[in-house]
Amino acid sequence: MLCPDVWNLPVPKYNYEVFEANNNLIERKISSGNFSEYITIAFPGDFPHPASVEKVLLGSDSYILRQLPLRELLEPEFIEAFVKRGNFYALSLNQQTDSECSVAVTPSGILSIAVNKDAFESIQLTGKPIQTSRKSKDRYLNRRPLCRVCRMPKIRQPALLGTLSLRAVASWLCSLAREYMPVIAQISKVNVQEAATILRDKMMLLHDLFEYNVPFCLYDKLADEMFIAITRLIENIKSRQELNSSMGKFLSEVNVAVSLTEILLSSNLQTLHFDQIPKMMRHIFYTKLDQLPGLLSLDLGSLSGGWKTQDMEPTVLNGIIHMRHLQSICINYDATDNIIRSLGECCPNLVAIDFSSSKCITNASVELLIALQNLRRVILYRTSVSMEGYIRLLMNLPRIEDLGRYDDLGRCLSYIDTYYPDQDELQLTKFISHYATTEHLQILGRLCPKLHTISLFHNALLLDLMALIAIDNLRDLKLLSADFFGDQIRHVLEVKGCNLTHLHLEHVDEIDMNALIYISQFCPDLKNFVIYNCELVDSTSLCMRRFPIPPFMNLERLTIAASCKFWHLDFLFSTAFKIRYIYVGTMVPADDDLIAHVLSKNPMSQLEEFRVIFSEALTINSVYKLANSCSNLQKLSELESWTKIKECELAEFRNMIGKEDGESKEDFEEKVVDFLEFLGLLVLDCPTEGDDFLTSYGFSGAMEDATKVTVIKWKGFFSKYMLKRVFNYLQVYIHEFPSVPWVALNVERTSRTPFEDAFSDGTFSIANDNSFTVILSLSKPFIWHQILPIGRKF
């Protein structure tokens with residue numbers, strides 16, 4: 001006979017965490033565990049049933065493999081096909097963690113094996129012991145990466161300690177400059193020359209301090225942080241300026257701030273791009289280029305725009321003669337033969353030059369360029385170099401890979417092929433021209449076997465696009481002014497699409513739903529897709545309704561600035577599950593219905609930037625839906641140009657994000673626990689009236705009417721990606737039905753994972769009972785609740 005006291009057990013000792021959180025934090029919490037067994041959803045019964053959530057789960061079927069040898073998971077073919085190219089996960093079925101051998105593979109590519117002592121010694125694994133009983137550590141855990149480099153978790157990473165240190169250094173310099181400002185301003189009233197001398201000495205001391213203490217490999221990053229900090233300092237000075245303020249004091253303070261730039265004039269600086277430097281600071285670098293002998297890459301931009309080329313030349317020459325390690329230089333408009341001559345004499349490692357729009361560069365300059373035998377990239381667009389000069393460059397620079405845009409480049413290759421039949425294969429990898437013929441493409445296939453990037457302006461009278469098939473390594477294709485079907489783009493993609501990663505269609509007609517389907521099937525590895533100034537038309541019928549290959553499964557960047565229909569956007573957005581950047585032009589008919597429809601099928605969990613230039617249909621509701629669904633979203637650009645969004649709505653949205661609840665933590669946790677206890681009784685099918693359901697627990701009596709709550713349960717094998725999809729769908733659901741007061745999601749983790757944390761370090765939770773509950777509400781922040789077992793030994 002059982003003792004009556006067994007029905008009056010005390011409540012197990014436990015702790016719990018309850019807090020309000022945004023969707024990003026909850027996404028990270030959900031991603032902390034790889035495998036779950038039970039999913040339960042509860043919501044008020046008088047509201048619409050979230051039927052589509054079943055489709056979310058059905059979209060990722062799991063399979064049971066019986067008597068699978070573990071060595072199959074270590075085969076290179078298996079790792080390449082499943083581990084590296086997807087989110088593969090596996091778990092031993094019906095294995096008890098504390099007594100039997102168990103195996104798991106996580107989506108990050110980690111194979112974990114938990115075995116007993118006899119098996120550990122017999123198969124001679126390496127690993128560490130883990131405790132599953134109080135007396136001894138009789139289990140061993142082995143973990144190994146299946147691929148050489150494991151993927152990082154898909155969450156925003158915090159700044160590195162080195163980055164934080166550089167930001168702190170830049171902030172310290174700005175605070176030091178604020179201390180100098182009143183002193184320099186006061187001295188300037190008496191003696192301007194003395195103030196300049198004191199400031200120069202101070203900057204020289206700081207320059208030496210940084211040059212001797214900052215590692216050279218961090219100098220470029222320090223420069224970036226300095227530019228940001230100095231710009232903010234100058235903006236702060238401007239904001240304090242008033243109508244009656246002293247102009248002399250203002251100029252003195254700005255001078256001190258700009259002088260901080262001199263600290264960066266060091267041989268440790270390796271990269272200098274003038275277009276990334278605030279204009280107020282550029283003159284310091286320009287006049288002191290001779291103090292930067294360690295530069296590897298120099299971009300001087302447009303300088304005078306070609307108006308004062310002769311005046312600019314001496315300063316540039318004075319800097320170049322000291323740059324022995326220079327590898328890349330860009331001078332637009334103001335490059336001269338003297339500069340090229342100095343580069344040949346002083347920069348033996350130079351591999352890339354860009355002298356675009358410099359009219360002083362002529363065929364006479366080609367001889368100087370040929371002397372630079374290591375050149376791989378030569379950009380002479382809109383210079384005075386003719387076809388003869390380009391031919392000489394192609395024939396005399398053996399390592400040349402990129403000549404930029406040159407419309408007669410095809411004619412140059414044809415000339416070489418005709419008059420120099422013994423010419424060796426060229427190393428060109430890019431061909432950009434607005435004048436090309438079928439013959440030119442055929443010659444490209446023979447002379448340039450390493451070619452992988454082509455940009456063409458199509459002329460139906462001169463060019464047959466089927467000639468692109470001869471380009472073996474084609475990966476990046478840009479086509480202008482063509483018909484998708486009439487000019488046989490479809491057939492080109494059918495043959496060459498398997499290698500394409502970038503596709504740009506500009507002024508291309510005959511693009512309909514069938515064309516998009518063909519692109520999605522013929523180009524499975526496409527990462528960047530641009531549709532620009534095209535008109536997407538209706539289709540009379542679809543070529544296929546079931547897709548052998550998931551459409552746009554690897555697409556990361558999508559740019560669409562074209563006239564199109566709802567279904568075109570739906571197909572593009574809903575199928576690109578790895579999309580990270582979306583750019584939408586003014587002619588695209590995006591509206592709230594489209595966003596809601598797309599997010600119900602594709603939560604875009606990896607989306608980082610969503611940019612719509614102009615919209616007359618999108619409202620603040622789409623902003624909420626995108627912000628709540630896209631966990632990695634960092635930028636929502638051009639919201640001010642959405643005409644249906646009012647300033648007060650944007651302000652309310654920002655306030656809601658930053659809103660803090662004034663309720664005490666204890667009261668808040670008590671309310672959440674009472675509410676979750678009520679939901680738990682529903683999940684367990686317990687009655688909610690009376691006190692006889694469990695004598696150890698008390699019920700507050702709130703919400704006794706359980707008939708108005710709907711509970712949906714699933715049991716199976718659920719990965720963290722499926723949980724994230726369910727969570728994202730529920731976010732979309734509460735936005736589609738704003739009147740729903742709450743939706744609760746309860747997840748119970750599996751107890752069969754061969755991980756060290758599954759045993760909870762010998763505490764009460766031997767079965768790894770780490771279930772959690774999320775309460776979603778549109779009007780309030782989401783709530784997270786999780787049990788944390790404590791202090792109960794075996």
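Leaving aside neighbours within four places in sequence, which residues is serine 622 in contact with? The legends below describe close-ups of a predicted model.

**View 1. Serine 622 in helix H20.**
Serine 622 sits in helix H20, which covers residues 620-629. Beyond its neighbours within four places in sequence, serine 622 is in contact with Asp591, Asp592 and Ile595. Its relative accessibility is 1%. Buried means under 20%, so serine 622 counts as buried.

**View 2. Helix H18 against helix H19.**
Helix H18 spans residues 566-575, and helix H19 spans residues 592-601. The two pack at an angle of about 35 degrees. Their axes lie 9 Å apart. The crossing of H18 and H19 is right-handed. From H18 come Phe566, Leu569, Asp570, Phe573 and Ser574. They meet Asp593, Leu594, His597, Val598 and Lys601 in H19. Of the residues in this contact, five are nonpolar, two polar and three charged.

**View 3. Helix H10 and its buried face.**
Helix H10 has 12 residues, 309-320. From first C-alpha to last, H10 reaches 16 Å, close to the 16 Å expected at 1.5 Å a residue. The buried residues of H10 are Thr309, Met312, Glu313, Val316, Leu317, Gly319 and Ile320. Seen down the axis of H10, these buried residues fall within an arc of 155 degrees, so they line one face of the helix. An α-helix has 3.6 residues a turn, so residues three or four places apart point the same way.

**View 4. The partners of helix H10.**
The buried residues of H10 pack against helix H9 (279-287), strand S10 (328-330) and helix H11 (337-346).

How values were computed:
Residues numbered from 1 in each chain as written. Predicted model: local features only at pLDDT ≥ 70, side-chain atom pairs only at ≥ 80, totals over all residues. Heavy atoms only, no water. Axes fitted to C-alpha atoms, helices over the stretch in contact; angles between N-to-C directions. Helix = DSSP H or I, 4+ residues; strand = E, 2+ residues; numbered from the N terminus. Left-handed = near helix turned anticlockwise from the far one by under 90°. Contact = heavy atoms within 4.5 Å. Nonpolar A, V, L, I, M, F, W, Y, C, P; charged D, E, K, R; others polar. Expected span 1.5 Å × (residues − 1). Buried < 20%, exposed > 50% of the residue type's maximum accessible area, 1.4 Å probe, protein only. Arc of directions from axis to C-beta.
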